[in-house]
Amino acid sequence: HLSGSRCTGRCSQMFGDQRYCGWGGVYAAEGSVDCSACGPAALRAPLEPASAVASACEDDVTWADPDGHDCEIYRNTIPKWGKDEVCKAYKSGIAGRHCRA
């Protein structure tokens with residue numbers, strides 16, 4: 001959902017000093033920002049109603065960290081590194097906010 005370095009979807013709430021670009025789930029939750037005005041009208045999507053926002057007990061299937069690693073990669077790393085390291089320490093604990101290992 002990036003056009004160059006510009007988000008054309010929705011930006012998540014702040015995680016530390018960063019926001020992440022995507023659709024649905026945390027990208028439509030409280031504190032998120034509609035960035036669709038930064039892209040062509042064809043890319044704009046309406047805000048999902050609260051009932052469509054992913055449950056806090058489900059992985060955010062649209063999320064990947066800045067290196068492209070998704071929740072499955074993080075979940076598969078837990079046996080090697082431990083849950084605290086993967087979910088709370090690595091990259092400031094970003095996986096713990098998106099993945100429900």
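A nonpolar core is a set of buried Ala, Val, Leu, Ile, Met, Phe, Trp, Tyr and Cys residues joined through side-chain atoms within 4.5 Å, where buried means under 20% relative accessible area, exposed over 50% and partly exposed in between (1.4 Å probe, protein chains only). The model you are looking at is predicted, so local features need pLDDT of at least 70 and side-chain atom pairs count only at pLDDT 80 or more, while totals for chains, interfaces and linings use all residues. Residues are numbered from 1 along each chain as its sequence is written, and side-chain values use heavy atoms, with hydrogens and water left out.

Let us begin with the core. The largest one has 13 residues, and Trp-63 and Tyr-74 are those with the most contacts inside it. Helices H1 (71-81), H2 (83-89) and H3 (94-98) each supply at least two of its residues, and the largest share, three residues, comes from H1. Helices here are DSSP runs of H or I with at least four residues, and strands are runs of E with at least two, numbered from the N terminus. Leaving aside neighbours within four places in sequence, Tyr-74 is in contact (heavy atoms within 4.5 Å) with Trp-63, Asp-65, His-69, Val-86, Tyr-90, Lys-91, Ile-94 and Ala-95.

Now for the cysteines. A disulfide is a pair of cysteine sulfur atoms within 2.5 Å, and by this rule the count comes to one. Cys-71 and Cys-99 form it, with their sulfur atoms 2.0 Å apart; at -85 degrees about the S-S bond, the link is left-handed. Cys-71 lies in helix H1 and Cys-99 in the segment after H3, so the pair ties together parts that are 28 residues apart in sequence. Cys-71 is buried at 5% relative accessible area, and Cys-99 is buried at 7%.

Three strands form an open sheet in the order S4-S3-S5, with antiparallel pairing. Strands S4 (21-22) and S5 (33-34) stand at the edges with a single partner each, so one side of each is left without a neighbour in the sheet. Strands pair if DSSP finds at least two bridges between them; S3 (residues 10-11) and S4 have two, and Arg-10 stands opposite Gly-22 in S4.

Finally, Ser-12 sits in the loop between S3 and S4 and counts as buried, at 0% relative accessibility. Its C-alpha atom is 6.6 Å from that of Val-33, 21 residues apart along the chain.
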